[in-house]
Amino acid sequence: FLSIVNKRPFMRWENWSDPYRGLAQTLVQRSISSGIYFPLEDRFSHALGSSLLGGQAAGVTMGLFLSPLAYVKYQCWGGEDSGRLF
């Protein structure tokens with residue numbers, strides 16, 4: 001990611017100087033998505049009468065709710081302040 005954003009070769013030291021940058025944002029987003037998806041899928045499946053439609057509705061809902069969080073994560077990774085959580 002850093003090599004693409006900063007337009008430098010992949011194996012340069014600057015790309016590897018802070019390898020855990022963005023780890024906290026990733027863990028928060030994964031925890032939220034895993035913790036909410038299955039209850040949503042269960043509720044939507046019962047409401048719609050189909051596990052296929054329930055899974056699709058849960059996926060759409062998760063996409064709507066987690067897209068802003070992914071944007072924040074992207075902005076944090078691109079910033080120079082690597083110590084911030086969000």
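Just after helix α2, Gly49 adopts a positive phi of about 80°. The model described here is a predicted one.

**Helix α2**

Helix α2 covers residues 23-48, and its 26 residues should span 38 Å at 1.5 Å a residue; the end C-alpha atoms lie 36 Å apart, which agrees with that expectation. The helix is bent by about 25° at Tyr37, and the proline Pro39 follows within four residues. Five residues of α2 are buried, namely Gln25, Thr26, Gln29, Leu40 and Ser45.

Glu41 belongs to helix α2. When neighbours within four places in sequence are left aside, Glu41 is in contact with Ser51, Gly54, Gly55 and Ala58. Glu41 and Ala57 are 16 residues apart along the chain, and their C-alpha atoms are separated by 7.3 Å.

Thr61 is located in helix α3, which comprises residues 51-78. Is Thr61 buried or exposed? Its relative accessible area is 16%, and because residues under 20% are classed as buried, Thr61 is buried. Not counting residues up to four places away in sequence, Thr61 touches Leu40 and Phe44. Of these two partners, Leu40 is itself among the buried residues of α2.

**Surface near the start of the chain**

Phe10 is placed in the loop between α1 (residues 2-5) and α2. Together with Met11, Trp13 and Trp16, Phe10 makes a nonpolar surface patch of about 570 Å².

**The chain as a whole**

The protein chain contains three helices and zero strands, and its pattern along the sequence reads α-α-α. The following table collects values for the chain.

| Property of the protein chain | Value |
|---|---|
| Buried share of the 86 residues | 23% |
| Share of contacts (residues at least 6 apart in sequence) that join residues at least 24 apart | 48% |
| Accessible surface | about 6,300 Å² |
| Share of the accessible surface belonging to carbon and sulfur atoms | 64% |

How values were computed:
Residues numbered from 1 in each chain as written. Predicted model: local features only at pLDDT ≥ 70, side-chain atom pairs only at ≥ 80, totals over all residues. Heavy atoms only, no water. Helix = DSSP H or I, 4+ residues; strand = E, 2+ residues; numbered from the N terminus. Expected span 1.5 Å × (residues − 1). Bend = angle between axes of the 7 residues up to and from the residue. Buried < 20%, exposed > 50% of the residue type's maximum accessible area, 1.4 Å probe, protein only. Patch = residues over 30% accessible without salt bridge, like charges linked within 9 Å, V, L, I, M, F, W, Y side chains within 5 Å. Areas by Shrake-Rupley, 256 points an atom, 1.4 Å probe, with all protein chains shown as cover. Salt bridge = Lys/Arg side-chain N within 4 Å of Asp/Glu carboxyl O. Contact = heavy atoms within 4.5 Å.
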